[in-house]
Amino acid sequence: MTVNDVYKLGISYIPEVPTDNPDLQNYIVGWVNTMLLETFEVENAIREWAGEELLPEPQKVKSMSDEIIYHDSLVTGAFPYGIAANAFIDDDNDYRSNKFGQYYVRGVNAANKYI
């Protein structure tokens with residue numbers, strides 16, 4: 001899944017057309033990099049649980065077309081909520097920002113594996 005794919009999923013929770021706020025796209029790469037850093041240990045726990053090679057450091061993306069190499073349980077199950085939470089912060093909507101922030105945390109926790 002690309003950064004743009006995550007953006008489209010996250011923005012689908014916002015009751016406005018993405019072209020109505022083109023400035024959001026300027027923040028997405030930074031928001032995704034923050035989530036990649038925040039979920040790095042969870043991603044490696046998933047990899048260890050699955051018997052896969054661990055990542056030596058968090059992935060960093062540079063553009064909307066970059067592929068996110070983390071597992072779908074994080075990328076699809078949590079990251080869109082993080083995008084929506086940040087977008088609602090940008091919109092000064094604390095209620096929805098907190099709501100989607102909680103969904104993000106719940107998605108990260110659901111993806112985590114304990115060894």
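Author: I68 touches M1, T2, V3, V6, V32, L36, Q59, V61, V75 and F79, where a contact means heavy atoms within 4.5 Å and residues up to four places away in sequence are not counted. The model is predicted: local features need pLDDT of at least 70 and side-chain atom pairs count only at pLDDT 80 or more, while totals for chains, interfaces and linings use all residues. Residues are numbered from 1 along each chain as its sequence is written, and side-chain values use heavy atoms, with hydrogens and water left out.

I68 lies in the loop between α3 (40-49) and α4 (72-75); helices are DSSP runs of H or I with at least four residues, numbered from the N terminus. With 4% relative accessibility, I68 counts as buried, a term for under 20% relative accessible area, whereas exposed is over 50% and partly exposed is in between (1.4 Å probe, protein chains only). From I68 to N33 the C-alpha distance is 10.0 Å, across 35 residues of sequence.

S97 is in helix α6, and its contacts, leaving aside neighbours within four places in sequence, are A85, F88 and I89. The buried residues of α6 are S97, F100, Y104, G107, V108 and A111. They cover an arc of only 95° around the axis, which puts them on the same side of α6; the arc is that of the directions from the helix axis to the C-beta atoms. The face turned away from the buried side of α6 carries the exposed residues D94, Y95, N98, Q102, R106 and A110.

Key. Helices (H or I, at least four residues) and strands (E, at least two) are DSSP runs, numbered from the N terminus.
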